[in-house]
Amino acid sequence: MFKECFRMLRKIIHNEEELEERAAKIVKENIQREIEELENILAERKGRMESMKTIRTARTEAEINEAVEKGYKPLIQKVIPSDKIKVMYALERDLKTGKVTVLHDSWEIYAHHEDAERVIDKVYYYPYHFQSPFAAYLVPPDIEVGERVIIDDLIEDIVGARHKMHTYRLEKAEAVWNGEKFIVDHNSYNISVTMG
C-alpha cells in the first residue's frame, strides 16, 4: 500500500522529501481509519455480547438438581472427548538422579538431552478431565426460540486453539436456541493458531 501511494505521489510531486512526508501521512491516515473501524467492530460485538444471556453448564448430578430446583431445564448430553483435541508429550528420565521430566513443548520433545533416556516418546493424549460422563446446559425458563446466547462452558469438543502439535478445546461460544437445543454459531469465534 505504501509503495503504491509513493508511486502515485511521485508523478505529481518532484521534491523527494515532500513526497516521503505526503506518502507517510496518507499511510498513517489509512492505518488510523482501519484501527478506528476495528475498535468500532469490537465495541459493537462487546455490546451485543453483554446484552445476551449467558447459559451455564452443570457438570455434576448435584449441580443439575440444584438448577432444576431454581426453575432451569437441564439439556443433558454425554461428554464425548474428541480425537481432534490432543496434546503431545514425552517423558524422560535423568540417568544420574533417576528423576523424570515431562516434556510438552515441541522443541523439548524433539531435542536430544544429554544424560537422559526417553521413557515415553511422543504420545498424544486428551488433556481434559471432567467430573462426570454427562453435563447439562441450564436452559432458563424465559428463553425464546431464535434467541442468541453465550454458552460459557461448551459440552461439545470444538477446536478452539492450535499450537504447534497441540489442539485445545473452545471454552465458550455464541449459540442460538432453536426450541430444543443450542446451535453453536461457528462464525462467532476464531480458532487461535500459534506456530512459534
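In the predicted model, the side chains of E147 and K53 form a salt bridge with an N to O distance of 2.8 Å, a salt bridge being a side-chain nitrogen of Lys or Arg within 4 Å of a carboxyl oxygen of Asp or Glu. Because E147 lies in the loop between β7 and β8 while K53 belongs to strand β1 (residues 53-55), this pair ties together parts that are 94 residues apart in sequence. Helices (H or I, at least four residues) and strands (E, at least two) are DSSP runs, numbered from the N terminus. E147 is buried at 17% relative accessibility, whereas K53 is partly exposed at 24%; buried denotes under 20% relative accessible area, exposed over 50%, and partly exposed the range in between (1.4 Å probe, protein chains only).

Residues are numbered from 1 along each chain as its sequence is written, and side-chain values use heavy atoms, with hydrogens and water left out. As this is a predicted model, local features need pLDDT of at least 70 and side-chain atom pairs count only at pLDDT 80 or more, while totals for chains, interfaces and linings use all residues.

By the salt-bridge rule, the count comes to 13. One of these joins D152 to K172, with the closest N and O atoms 3.8 Å apart. This pair links distant parts of the chain, 20 residues apart: D152 is in the loop between β8 and β9 (159-163), and K172 is in the loop between β10 (166-169) and β11. Both partners are partly exposed, D152 with a relative accessible area of 39% and K172 with 45%. Salt bridges that share partners also join E92, R118, D121 and K122 into one network. A further salt bridge connects the side chains of E66 and K70 at 3.3 Å, N to O. Here E66 is partly exposed, at 44% relative accessible area, and K70 is exposed, at 57%.

A search of the whole structure finds four aromatic pairs. Rings of Phe, Tyr and Trp (its six-membered ring) pair if their centres lie within 6.5 Å, and planes under 30 degrees apart count as stacked, over 60 as edge-to-face and the rest as tilted. The rings of Y126 and Y128 are edge-to-face because their planes stand at 65 degrees, with the centres 5.7 Å apart. Y126 is partly exposed at 22% relative accessible area, as is Y128 at 27%. The pair of W177 and F182 is tilted, with 4.8 Å from centre to centre and 50 degrees between the planes.

Leaving aside neighbours within four places in sequence, V149 is in contact (heavy atoms within 4.5 Å) with M52, K53, I55, I143, A173, E174, A175 and F182.
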